[in-house]
Amino acid sequence: MQEQPEPAFAPGLTAQVELTVTDADTAQAVGSGDVPVLGTPRVLALAEAATVAATATGMPPGSTTVGTRVELEHLAPTVVGRTVRAQALLATVDGRRLSFEVTVSDGDQTVARGRVDRILVDRARFVERAGRAS
């Protein structure tokens with residue numbers, strides 16, 4: 001009987017990242033609207049950055065994760081100059097599939113919440129296949 005390798009990640013893993021909102025982060029600047037507040041694409045990027053940070057220290061050599069699915073509710077506006085914090089919690093692990101619960105907050109206010117799914121891949125093989133697809 002062959003031993004199964006230990007999973008690279010386990011539920012409960014967390015990380016957080018912060019962003020101080022600048023004019024470049026607004027809906028106007030990123031093309032997702034015409035208001036001078038934090039744009040939804042930047043909120044999503046911040047949430048994904050938190051998931052990447054959560055897996056960074058335990059990443060097996062030669063591996064990386066790539067996003068496969070996102071569900072995000074952008075609940076409240078954030079003005080330029082405020083600092084938002086994205087928190088990612090690894091909720092479930094199913095083989096190579098990692099499912100994170102994410103929240104983005106501005107102080108005590110929840111700005112966004114949702115779920116980000118990522119999959120663990122061999123980095124070199126993934127990049128090679130992506131190059132062949134274009």
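F100 stands opposite V116, a residue of strand 5, in what is a predicted model. The two strands concerned, strand 4 (residues 97–106) and strand 5, pair in the antiparallel sense over ten bridges. The UniProt record, an unreviewed entry, places a "binding site" feature at G67 and R118, and R118 is itself found in strand 5 (residues 109–122).

**Annotated domain**

- The unreviewed UniProt entry also places the feature "domain: Fluoroacetyl-CoA-specific thioesterase-like" at residues 21–123.

**Sheet and helices**

- Five strands form an open sheet in the order 1-3-4-5-2, and their pairing is antiparallel.
- Strand 1 (14–20) and strand 2 are the edge strands, each of which pairs on one side only, while the twist from one strand to the next averages 25°.
- Helix 2 (residues 40–56) lies across strand 1, strand 2, strand 3 (83–94), strand 4 and strand 5, and runs at about 145° to strand 1.
- Helix 3 (residues 123–133) lies across strand 2 and strand 5, with a direction at about 90° to strand 5.

- G67 lies in strand 2 (residues 63–74), whereas R118 is found in strand 5.
- G67 is partly exposed, with a relative accessible area of 44%, whereas R118, at 7% relative accessibility, counts as buried because that value falls under the 20% limit for a buried residue.

**Surroundings of the site**

- Not counting residues up to four places away in sequence, G67 touches E48, D117 and R118.
- Leaving aside neighbours within four places in sequence, R118 is in contact with E48, T51, V52, T65, V66, G67, T68, R96, R97, L98 and F100; one of these, F100, is the residue that stands opposite V116 in strand 5.
- The side chain of R118 makes a polar contact with the side chain of T65, at 2.8 Å.

How values were computed:
Residues numbered from 1 in each chain as written. Predicted model: local features only at pLDDT ≥ 70, side-chain atom pairs only at ≥ 80, totals over all residues. Heavy atoms only, no water. UniProt positions renumbered as here; feature names shortened; annotations may be inferred. Helix = DSSP H or I, 4+ residues; strand = E, 2+ residues; numbered from the N terminus. Buried < 20%, exposed > 50% of the residue type's maximum accessible area, 1.4 Å probe, protein only. Contact = heavy atoms within 4.5 Å. Polar contact = N/O pair within 3.5 Å; in protein donor to acceptor, adjacent residues only side chain to side chain. Pairing = 2+ DSSP bridges. Axes fitted to C-alpha atoms, helices over the stretch in contact; angles between N-to-C directions.
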